[in-house]
Amino acid sequence: MQWFKKIHKWMSVIVGLQLIIWVITGLFFNLMDHQKAAGRLHYSAPATQQIVNYQNLIEPKQILHQYPDVVELTTSVILNQPYYLLNVNKGLYAHFANDYRLVNAQTGQIAELTETMVNHIALATLLLDEAESAATIINTQLLYPPIADFLKQQNPTWQVLINNDAETRIYIEAVSGRVIGHSDKHKQFADVFFMLHFMDYAQVGSFNNWLMIAMSFFVLWLSISGFFLVVTSLRKGKYYSF
Amino acid sequence: MHKVARKLHRWSMLLLGLQFIIWSVTGAYMVLVDINYIHGNSLVNNQHKPIIAKDISYSIAQLQQDFPYASDISMANLLNQPVYRFTHQDTSMMISAINGKVLSPLSKQDALELAQQQYTGDGSVLNALWITENPPFELSPRHLPVWRVNFDDFAAPALYISATSGLVVTKRHDFWRIFDWMFRFHIMDYSSGEDIDNQLLFWVALFSLLSVSSGGILIYYSVIKPYTKKRQRIINKARAV
């Protein structure tokens, strides 16, 4: 038996099942509803920031005198109340670890989002069609990373469970009040396909894992040896008759 | 069954084989190179100096009087001075928090200084290009206008500095550019980019499923069946004894 025939046979034994999974999940990505897969079925983007009257609020200068290590101060309006969001350690991206403090812009006091506030922020991101107008909250809880629905998020995050058909889950960053996004049973379903395609069986949200690298190496040999098989089949005239 | 599967596998792979090689080569590249490296995270140090409160002499109340429609206001240190960033009537702006002087769009000199401050490599600056329209494929148009600062270094790194915020909005090197091409080939998007729901991919993937499944049947006949037969022979022999 030629060397590439042997390689083709044994590589197919190793990667065959995963190869079928790759093709099926790839086909799923091609066909899926991207809005649904991203958990955006009932998502409505937060409104642009309303204009705040700063004339009678505490000045950033005064706040920064109290917090000398702040690298970025951001104005924020949460449920009509103006705040200053202070960042002491700014991550490269918002979902990377950030070290925030939230300060009430009227009193200068450190503020912490309460469960009631989180619920209000969450409900404001819910697209209100008729079916959703009666949406109620089942549960609200504070989670620490890793968060199964948003594996990349590295900051503590509130999860708000909505009682609707899609089983919507709304994620709000704990200190900043930033809306991270929605997840629901549709996104969860799509995430299973991503996990399978990326062989991310440890669920760390990455495709740079050793199993995946090993399998990609084997499948590379499978396709290269397959190429030689096609070439020899052509040479031997196996394609001239059925 | 065996013969049908063999023919199906051989003939379908004559047509699909090239795409399978493309899938495995591009897939291997994408999983092998760390995605954080691809994103260019290691090109920048992400160092930010704290805001010096005593330097601030232009208040936020003053800013609002000068720019009554300012929203999304933020403050940070940029090149050793506190600055405000905000949106005013759909325009992103940056002004000094020392004297309210408008700093945007950023000068070339400032962009160069910021790029060098953030860059982690040893290479020196090659040039800085001012881009206001028709961005290269590696930059999203929403970041315009920008300064593209090219470095004379391994894999041709470029930092894109927003002219309105002074922040590094995008970082690229050749490994990202290759990755982008690899991804397009992987999802068979031979036209525009980022279009995974194209018809070509659908038909090729559907046909591939048939082809790979026929290969699965061949595994059964060439590996699993001979193994179980051999096993059965040994068991039968043992029984006979």
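Predicted model: local features only at pLDDT ≥ 70, side-chain atom pairs only at ≥ 80, totals over all residues.
Local features need pLDDT of at least 70, side-chain atom pairs count only at pLDDT 80 or more, and totals for chains, interfaces and linings use all residues. Residues are numbered from 1 along each chain as its sequence is written, chains are lettered from A in the order in which they are written, and side-chain values use heavy atoms, with hydrogens and water left out.

Aromatic contacts come first. Rings of Phe, Tyr and Trp (its six-membered ring) pair if their centres lie within 6.5 Å; planes under 30 degrees apart are stacked, over 60 edge-to-face, and the rest tilted. Over all chains, 29 aromatic pairs are counted. In one of them, the ring centres of Phe202(B) and Trp203(B) are 4.9 Å apart and the planes meet at 75°, so this pair is edge-to-face. Phe202(B) is buried, at 18% relative accessible area, whereas Trp203(B) is exposed, at 53%. Here buried means under 20%, exposed over 50%, and partly exposed in between (1.4 Å probe, protein chains only). In chain A, one aromatic cluster includes Phe28(A), Phe189(A) and Phe207(A).

Charges also sit over rings. The rule asks for NZ of Lys or CZ of Arg within 6 Å of the ring centre and within 35 degrees of the ring normal. Lys187(A) lies over the face of Phe150(A), 4.6 Å from the ring centre. Arg184(B) has its charged end over the ring of Trp181(B), 5.1 Å from the centre.

A nonpolar surface patch of about 590 Å² is formed by Trp3(A), Phe217(A), Trp221(A), Ile224(A), Phe227(A) and Phe228(A). Nonpolar patches join side chains of Val, Leu, Ile, Met, Phe, Trp or Tyr within 5 Å, from residues with over 30% relative accessible area and no salt bridge. A salt bridge is a side-chain nitrogen of Lys or Arg within 4 Å of a carboxyl oxygen of Asp or Glu. Helix H6 (residues 210-235) of chain A gives the largest share of the patch, 5 residues. Phe227(A) belongs to this helix and is partly exposed, at 45%. Helices (H or I, at least four residues) and strands (E, at least two) are DSSP runs.

In chain B, an unreviewed UniProt entry lists residues 200-223 as "transmembrane region". This stretch is 100% helix, with its end C-alpha atoms 34 Å apart.

Most peptide bonds are trans. The bond from Pro145(A) to Pro146(A) is cis, with omega near 5°. Pro146(A) lies in the loop between strands E4 (137-143) and E5 (157-162) of chain A.

Note on methods: Patch = residues over 30% accessible without salt bridge, like charges linked within 9 Å, V, L, I, M, F, W, Y side chains within 5 Å. Areas by Shrake-Rupley, 256 points an atom, 1.4 Å probe, with all protein chains shown as cover. UniProt positions renumbered as here; feature names shortened; annotations may be inferred.
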